[in-house]
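Please keep the sequence and the model open while reading.

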Amino acid sequence: MNDPQAPSDGHFAATVRDPEHDPAAVLALEPSYVASLTSRVLATSGRTREVRSPIDGATLAHIPQSSEADVAEAFRRARAAQELWVRRPVEEREAILLRLHDLVLHRQDEILDLIVRESGKARKHAFDEPTHIALTARYYGRTLSRLLASERLPGVLPLLTRVDLHHAPKGVVGVISPWNYPFTMALCDGIAALAAGNAVVAKPDAQTMLSALLGAELLEEAGFPRDLWIVVAGPGSEVGPQLISQADYLCFTGSTATGKSVAAGCAERLIGCSLELGGKNPMVVLADADIERAADGAIRAVFSNSGQLCVSIERMYVADAIYDRFLERFAARAEAMTLGAGLDWEIDMGSLISQAQLDNVVAHVEDAVAKGARVRTGGRARPDLAPYFFEPTILEGVTPEMDVFGNETFGPVISVYRFSDEADAVARANNGEYGLNASVWTRDAARGRRIAARIKAGTVNVNEGFAASFGSIAAPMGGMRESGMGRRQGAEGLLRFTESQTIATQRVMNIGPPLGMKEETWAKLLTVGLGALKKMGRA
């Protein structure tokens with residue numbers, strides 16, 4: 001086991017003290033550091049929620065809880081800030097975004113320490129988060145003027161009708177973010193919302209509030225006005241509906257069941273929403289795949305963040321011709337992983353985040369084994385490493401009556417299946433109601449892209465698990481079917497936070513018959529004109 005290492009920035013308690021004589025002894029973070037972050041929560045209820053680290057159970061913070069009045073006040077302040085923000089030049093927003101890029105990279109170690117402490121994930125997987133936010137800030141910082149620029153469109157009468165298309169911000173966007181990627185998921189949607197001219201009221205998950213609050217601190221340091229991004233805290237069942245009832249648009253990342261409830265609430269108010277929901281993501285390894293490369297990629301695709309990743313691979317279809325060789329290499333790599341819970345770079349896979357997650361993973365594996373599945377490697381909880389640790393696990397012989405077959409596990413468990421027919425593999429990859437991410441492995445990239453296009457998923461990676469699509473910020477990312485609606489990243493990820501406004505200006509004459517002309521004559525003239533415009537190639 002790798003023990004947690006104390007970082008050098010002074011925010012973490014570096015020594016063990018006697019709790020009987022020192023109240024701070026059980027704290028993993030310095031109280032002053034925690035206070036500077038939790039002061040950013042708009043909360044006056046007097047209630048708090050304790051948060052403990054999944055690494056060792058040490059107390060991280062007592063998070064102030066927001067009342068219904070606090071949420072209302074958050075929206076009041078955010079609306080006032082947004083009215084001022086939208087008047088500032090787009091070029092100024094771009095400069096702030098680029099400063100945020102630099103700040104995130106500069107304070108990367110602090111961000112990583114906090115993510116690992118709160119989530120229990122390996123540091124190498126936590127590294128994805130500041131990287132993703134830096135990429136997001138840089139992309140919109142470089143493209144915002146172009147993406148929000150007003151457009152001239154063809155008018156109904158050439159030369160006489162001018163049409164301008166503008167992109168007006170929605171107003172105040174509500175963001176409900178999950179615990180599994182607490183820094184990037186707390187910020188990436190909201191960054192685009194701010195860039196588009198909106199304000200944000202954010203409700204991060206209770207377990208990982210500190211990472212989200214550090215993100216809010218960095219936003220302000222970069223130059224975003226403080227009231228433009230307000231954080232509230234409390235149970236999702238209470239605060240979530242309050243956000244839906246007051247926001248002009250809602251972003252949610254989480255389970256499909258909760259996402260449906262969010263969508264229903266938004267529909268009741270006729271406001272838009274974007275939802276990134278669950279997945280049971282497939283990986284197809286074709287007979288011509290590079291076995292070593294595919295086995296290495298599968299480790300990252302399956303076991304990053306202990307499988308607690310919406311785009312993580314949970315089912316794998318391997319061509320019969322290479323199945324045994326591939327599985328041997330894949331299992332060997334899984335067994336060679338360095339397991340632990342701490343701040344080390346050397347840890348290959350960290351802990352699950354909670355007892356609830358561990359219980360779900362254990363239940364899936366035990367149910368599968370009881371019904372005849374075989375454990376190729378792993379299959380056990382490891383409390384000797386951390387309270388909620390579960391080994392990287394490979395299952396064979398999984399059948400439809402097993403819970404793990406079609407239900408999202410959200411843990412370090414993969415079910416591996418043979419196939420002999422490519423069409424059958426694609427059909428099996430498309431089974432179920434999810435459609436978030438998929439992966440195809442082959443030496444023939446063009447063939448891989450053709451197969452990828454047949455898979456019903458919002459993103460499909462060829463010769464990669466998820467990072468190629470997720471890290472390409474110019475490309476939209478989101479789910480099909482019950483994996484969600486709407487897209488983050490790219491132009492779509494920005495324009496979802498805007499309303500398209502068409503302004504049409506008519507010159508010289510009205511759109512109607514001139515004084516004295518009969519309606520029938522006018523209709524005939526328009527008919528002739530329509531035919532002429534078609535011959536000219538006009539759209």
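## Basis of the values

The model is predicted, so that local features need pLDDT of at least 70 and side-chain atom pairs count only at pLDDT 80 or more, while totals for chains, interfaces and linings use all residues. Residues are numbered from 1 along each chain as its sequence is written, and side-chain values use heavy atoms, with hydrogens and water left out.

## Aromatic pairs

A pair of aromatic rings is described by the distance of the centres and the angle of the planes. Searching the whole structure gives nine aromatic pairs, where rings of Phe, Tyr and Trp (its six-membered ring) pair if their centres lie within 6.5 Å, and planes under 30 degrees apart count as stacked, over 60 as edge-to-face and the rest as tilted. One of them joins Phe127 and Trp345 in an edge-to-face arrangement, with 6.0 Å from centre to centre and 65 degrees between the planes. This pair links distant parts of the chain, 218 residues apart, with Phe127 in the loop between α5 and α6 and Trp345 in the loop between α12 and α13; helices (H or I, at least four residues) and strands (E, at least two) are DSSP runs, numbered from the N terminus. Phe127 counts as partly exposed because its relative accessibility is 32%, the class between buried (under 20% relative accessible area) and exposed (over 50%), with a 1.4 Å probe and protein chains only. Trp345 is likewise partly exposed, at 42%.

Phe303 and Phe330 form a stacked pair, 6.1 Å centre to centre and with 20 degrees between the planes, and it connects helix α11, which holds Phe303, with helix α12, which holds Phe330, 27 residues apart.

## A charge over a ring

Lys121 lies over the face of Tyr181, 3.4 Å from the ring centre; the criterion is that NZ of Lys or CZ of Arg is within 6 Å of the ring centre and within 35 degrees of the ring normal.

Ser304, in the loop between α11 and β11, counts as buried because its relative accessibility is 4%. Leaving aside neighbours within four places in sequence, Ser304 is in contact with His125, Ile299 and Phe466, contact meaning heavy atoms within 4.5 Å. A polar atom of the Ser304 side chain lies 2.6 Å from the backbone oxygen of Arg300.

Asp189, in helix α7 (residues 184-195), is buried, with a relative accessible area of 3%. Beyond its neighbours within four places in sequence, Asp189 has contacts with Cys251, Thr253, Arg488, Arg496 and Phe497.

Methods: Polar contact = N/O pair within 3.5 Å; in protein donor to acceptor, adjacent residues only side chain to side chain.
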